[in-house]
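Student: I would like to learn how to read strands in a protein model. Could we work through one together?

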Amino acid sequence: MKPTPSFLKHATRGVGLSALLLSCAGCSDQAPSAGVVVDVSTGTSPVFSWTPALNIASLTVARAGSDGIVWTTISLGQANAIAPPVTYGIAPPGAAQTANRLEFLVAGTAYEVTLLRVDDPDGAPLLVGSATFVP
């Protein structure tokens, strides 16, 4: 069995999304992670893109203001394998969907997408970008 990279252990622990975001809120971003702007297309199957187009370790979509994760995709093998763009519900090359179920997005409901990147040698994920959207 292949060992789990340390960033996956951090990203998939039974910690609520808000606790993870709070833990990363005080993190000092290292270049090129600072200043990532997240763009979300319209509709209930949005496409997520970000600039600068750096690779990330995970992308999570949750109901805004809650720990209600509706979809997560995480890098496999190397720490930052996910490149933009990413379509909701489709794990990009070099990544996999996590065990939580994929939920259909509901029009008129607010969601938050968050991007995590591993720049730290110990594998701790850093919040590099987020956006709230309503499909």
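Predicted model: local features only at pLDDT ≥ 70, side-chain atom pairs only at ≥ 80, totals over all residues.

Student: Let's begin with strand E7. How many of its eight residues are buried?

Tutor: Seven of them are, so strand E7, residues 111-118, is mostly covered, where buried means under 20% relative accessible area.

Student: Which strands pair with E7?

Tutor: Strand E3, residues 58-63, pairs with E7 in the antiparallel sense over six bridges. Strand E8, residues 125-133, also runs antiparallel to E7, and eight bridges join the two.

Student: Which residues stand opposite each other in these pairs?

Tutor: Thr 60 stands opposite Thr 114 in E7.

Student: What lies between E7 and E8?

Tutor: The two strands form a hairpin with six residues between them. Look for Gly 123 in the turn, which has a positive phi of about 85°.

Student: Now for side chains. How are they arranged along a strand?

Tutor: In a regular strand, they alternate between the two faces of the sheet.

Student: Is Thr 132 buried or exposed?

Tutor: Thr 132, found in strand E8, counts as exposed because its relative accessibility is 55%, and exposed means over 50%.

Student: Which residues does Thr 132 touch?

Tutor: Leaving out residues up to four places away in sequence, Thr 132 touches Ala 64, Ala 110, Tyr 111 and Glu 112. Compare sequence with space here: Thr 132 and Tyr 111 are 21 residues apart in sequence, and their C-alpha atoms are 5.6 Å apart.

How values were computed:
Residues numbered from 1 in each chain as written. Heavy atoms only, no water. Buried < 20%, exposed > 50% of the residue type's maximum accessible area, 1.4 Å probe, protein only. Helix = DSSP H or I, 4+ residues; strand = E, 2+ residues; numbered from the N terminus. Pairing = 2+ DSSP bridges. Contact = heavy atoms within 4.5 Å.
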